[in-house]
Amino acid sequence: MSRIDRFTNKIVLITGAASGIGRAAALAFAAEGARVAILDRSHDALEAVYAELKNAGSEVLAIGCDVSAPDQVEGAIKQVVERFGRLDVAFNNAGVENKAAPVHEIDLTEWDTILGINLRGTFLCMKHELAQMVKQGGGAVVNTSSGAGIRGVAGGAAYTASKHAIIGLTRSAALDYAKQNIRVNAVLPGNIETPMMDRFTGGDIQKAIDLEPVGRLGKPEEIAEAVLWMASDLGGFVTGAASVIDGGWSL
């Protein structure tokens, strides 16, 4: 199997697709022949990625979706299946960062927002994606956790809690569906060149670079490559994995 044929005519859904890792993954899946559904709550940025994919000759469906809203998630999955007939791969990547603060200073509304998008959103997407994959007889799910999913981060309790929980959710789901030809894995990025990293560091990217043993930030495309491998037949014996791609940061 040549690399370019890994996803020919496969149906791939990506959340948080308007920028960063999600955008890179959408471009990478499309380049290997996938028909791609891109979801994001940022409509203008989503339209820009949609145009980018269409201009490259890809078949793409763009859906505005807040993954923390059950009706929107259910409706989005229905749209994908109505348009393409099935769902082969789901990359649940949507997520937000918290404002750095110690636990006693965390605002409850912000806590609920972070957990609502990062954890509840991943669960809601998986709930409907997996139901479709059971119905059709197989599929692959990849969730975005973080290097913060396996270590503590000062000032990042809400984000870190959500990313730890995604790993547990991933591993439990992997066992639930292992005998149904459905694989569920997680990717754990480190400090990556994304708009989220710009926001988190207040524009002082050097602070993030200094935390990386390899001396640079990761590229969104490097995470996308791992996601594609997990979702492809080449990763067919991998399920329940939490794959760290962080330049040594979590060590």
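**An exposed asparagine before the sheet**

At 52% relative accessibility, N9 counts as exposed, because the cut-off for that class is over 50%. This is a predicted model. Select N9 and locate it in the segment before β1. Its phi is near 65 degrees, a positive value in a residue other than glycine.

With a relative accessibility of 55%, N181 counts as exposed.

**The aromatic pair**

Next, select F7 and F29 and display their side chains. How many aromatic pairs are counted? The count comes to one. F7 and F29 form this pair in an edge-to-face arrangement, with 4.9 Å from centre to centre and 75 degrees between the planes. F7 lies in the segment before β1 (11-15) and F29 in helix α1 (residues 20-31), so the pair ties together parts that are 22 residues apart in sequence.

Now colour the strands. Seven of them make up an open sheet with parallel pairing, in the order β3-β2-β1-β4-β5-β6-β7. At the edges stand β3 (60-64) and β7 (242-245); each has a single partner strand, so one side of each is left without a neighbour in the sheet. On average, neighbouring strands of this sheet are turned by 15 degrees against each other, direction ignored.

Within the sheet, select residues 89-92 and 139-144, which are strands β4 and β5. These two strands run parallel and are joined by four bridges. In this pairing, N92 stands opposite N143 in β5.

**Helices on the sheet**

Then select helix α8 (residues 220-231), which lies across β4, β5, β6 and β7. Helix α8 runs at about 165 degrees to β6.

**Strand β5 and N143**

Return to β5 and show its side chains. How many of its six residues are buried? Six of the six are, and the strand is mostly covered. G139, V141 and N143 point one way from β5, while A140, V142 and T144 point the other way; all are buried.

Select N143, whose place is in strand β5. N143 has a relative accessible area of 0% and is therefore buried. Which side chains does the side chain of N143 meet in polar contacts? Another, of 2.9 Å, joins the side chains of N143 and T170. Leaving out residues up to four places away in sequence, N143 touches a set of residues that includes T122, M126, I166, V184, N185, A186 and V187.

**Strand β6 and I182**

Move on to I182, which is found in strand β6. I182 is buried, with a relative accessible area of 1%. Which residues does I182 touch, not counting those up to four places away in sequence? They are L130, M133, V134, G138, G139, Y177 and T239. Of these, G139 also belongs to the set of buried residues listed for β5.

For a sense of distance in this model, select the C-alpha atoms of I182 and A31. These two residues are 151 residues apart along the chain, and their C-alpha atoms are separated by 24 Å.

**A charge over a ring**

For the last stop, select R151 and W249 and show their side chains. R151 lies over the face of W249, at 4.2 Å from the ring centre.

Methods. Residues are numbered from 1 along each chain as its sequence is written. This is a predicted model: local features need pLDDT of at least 70, side-chain atom pairs count only at pLDDT 80 or more; totals for chains, interfaces and linings use all residues. Side-chain values use heavy atoms; hydrogens and water are left out. Two strands pair if DSSP finds at least two bridges between them. Axes are lines fitted to C-alpha atoms, for helices over the stretch in contact, and angles run from 0 to 180 degrees between N-to-C directions. Contact means heavy atoms within 4.5 Å. Rings of Phe, Tyr and Trp (its six-membered ring) pair if their centres lie within 6.5 Å; planes under 30 degrees apart count as stacked, over 60 as edge-to-face and the rest as tilted. A charge sits over a ring if NZ of Lys or CZ of Arg is within 6 Å of the ring centre and within 35 degrees of the ring normal. Buried means under 20% relative accessible area, exposed over 50%, partly exposed in between (1.4 Å probe, protein chains only). A polar contact is a pair of N or O atoms within 3.5 Å; within protein, one must be able to donate a hydrogen and the other to accept it, and residues adjacent in sequence count only if both atoms are side-chain atoms.
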